[in-house]
Amino acid sequence: MSMKKRFRTITVCAAVLMALEMPLTAFATGSNTNLDQIQAETDKTNQQITDTQNKRDQAAAEADALQGEADALEAKLGEYTNRLSALNDKIDTAKAEIDSANAEIDAAQDELEAALIEQEGQYDSMKDRIQYIYEVSAGQSMMVMLLSSGSFSEFLNRLNYVTGVLEADRTLFEKYQATVSTIAEQKGIIEDRKLTLSEYQESLKSSQEELDALVGATGAAADAKSSEAAIAAMSVAEYEAELKKLAQKKAGLEAQAAEAQAALAQQLSAGGGFYEDTSGAVSASESDILLLAATIQAEADNQGYVGRLAVGSVIMNRVNSSKFPNSIYGVITAPKQFTSWSSGMVSMILARGPNEGCLQVAREVVAGKRNGNWLFFMTPYYANKFGIVGYQ
């Protein structure tokens, strides 16, 4: 049926949808060639992104592992340092006890020497008294001195006096002997304690040397691991920077692809011609409906019912158009058309199954429901950038 070309557009959510009632002409060769080049570069960039992400993830895992080892070494270093600190405290305590024992030994030695001197003096005095008693002036014997007493009472008094002096000397001498023995015994005990403390201190010093070596070795190992982890983290940062560049490159390629698509749409809609009716139901298998629903979900799951119906309408309008493949699979998998297919998102959704809302829309558009006769959609940003007018 001959009639003037009509150009209808309808806005659904954030997508710009362009309906083309076009002359039956082929796609522009220049636009397709440009899209081929852009798609090839996009595929290459996507592969570079995947490779870089894998390298980044590997470097991040290595950095995490190295940091984990560094943290473990730092914890071990902290443990050794605490043990060394406690050991140093024990060494200081042992040294203080040894110093105290030395002071006690010195004091006991002074007491012993003083007691020995006093014992010696007492012994000398006792000898002098005994000698005096037994060797009285003029060579009198003890017996003579006693027998020369004027009376028996005087004799007993002299005998008691001599006996008392001798007994007092003996008691005093025994007392000093006991004092000397006690002091000597205490000195021996203190010296034994000092020896034990000295041996204990030496064992502590040996342990201290071992811990010093462990602290030094562990500290060096922790520093080395921290350096390795820092280097690995730098690699991660480098990969992140590379991914940022690749993302910018991909965004640029997407912009070029959008421009090429816009040029193609504008060329197809230019001039007069015949109106192509793309409405109507299409025979589709269950696998076709699942593929269609997964694509609708990938492209417009967050756009609500109207947005989902718009994407479904674009796909089904293309199936019924002479300018596109005449099957759902052919339209969706056509090169350089649906990014969600080439990126693998549709396959991921198919693996877990499309949601019920998107399945409902898929069945409706297959049955012939449409909310427009558009064949293309893009964001308003690109539509404005590339001078597409009259859209909604």
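Axes are lines fitted to C-alpha atoms, for helices over the stretch in contact, and the angles run from 0 to 180 degrees between N-to-C directions. Helices (H or I, at least four residues) and strands (E, at least two) are DSSP runs, numbered from the N terminus.

Two notes on the source. This is a predicted model, where local features need pLDDT of at least 70 and side-chain atom pairs count only at pLDDT 80 or more, while totals for chains, interfaces and linings use all residues. Residues are numbered from 1 along each chain as its sequence is written, and side-chain values use heavy atoms, with hydrogens and water left out.

Now the overall layout. The chain has 10 helices and 3 strands. Read from the N terminus, the order of elements is β-β-α-α-α-α-α-α-α-α-α-β-α. Buried residues, meaning those under 20% relative accessible area, with exposed over 50% and partly exposed in between (1.4 Å probe, protein chains only), make up 35% of the 392 residues. A contact means heavy atoms within 4.5 Å. Of the contacts in the chain with a separation of 6 or more, 85% are between residues 24 or more positions apart.

First helix pair: α5 and α9. Helix α9 covers residues 356-366, and its axis comes within 9 Å of that of α5, crossing at roughly 40°. The two helices are therefore oblique to each other. Their crossing is right-handed; a crossing is called left-handed if the near helix is turned anticlockwise from the far one by less than a right angle, and right-handed if clockwise. Who meets whom? On the α5 side there are Tyr305, Arg308, Leu309, Gly312, Ser313 and Met316, and they meet Gly357, Cys358, Gln360, Val361, Glu364, Val365 and Val366 in α9. By class, that contact has 7 nonpolar, 4 polar and 2 charged residues. For the classes, Ala, Val, Leu, Ile, Met, Phe, Trp, Tyr, Cys and Pro count as nonpolar, Asp, Glu, Lys and Arg as charged, and the others, Gly among them, as polar.

Also in helix α5 is Val306, which is partly exposed at a relative accessible area of 46%.

The crossing of α4 and α8 is right-handed. In α4, the residues Leu290, Leu291, Ala294, Thr295, Gln297 and Ala298 meet Met345, Val346, Ile349, Leu350 and Arg352 in α8. The class count for this contact is 8 nonpolar, 2 polar and 1 charged residues.

Take Thr295 from that list. Thr295 has 0% relative accessibility and counts as buried. Leaving out residues up to four places away in sequence, Thr295 touches Ile315, Ile332, Phe338, Ser340 and Val346. For Thr295 and Phe338, 43 residues apart along the chain, the C-alpha separation is 8.4 Å.

Next, the rings. How many aromatic pairs does a search of the whole structure find? It finds 2. Rings of Phe, Tyr and Trp (its six-membered ring) pair if their centres lie within 6.5 Å; planes under 30 degrees apart count as stacked, over 60 as edge-to-face and the rest as tilted. Phe324 and Phe376 have ring centres 6.0 Å apart and planes at 65°, so this pair is edge-to-face. Phe324 sits in the loop between α5 (304-319) and α6 (328-333), and Phe376 in strand β3 (residues 374-378), so the pair ties together parts 52 residues apart in sequence. Both Phe324 and Phe376 are buried. In the other pair, Tyr329 and Trp341, the centres are 6.4 Å apart and the planes at 75°, so it too is edge-to-face. Tyr329 is in helix α6 and Trp341 in helix α7 (residues 339-342), 12 residues apart. Tyr329 is partly exposed at 49% relative accessible area, and Trp341 is partly exposed at 26%.

Last, Arg56, in helix α1 (residues 29-134). Is Arg56 buried or exposed? At 17% relative accessibility, Arg56 counts as buried. Not counting residues up to four places away in sequence, Arg56 touches Val236, Tyr239, Glu240 and Leu243.

Terms used:
Angles under 35 degrees count as roughly parallel, over 145 as roughly antiparallel, 65 to 115 as roughly perpendicular and the rest as oblique.
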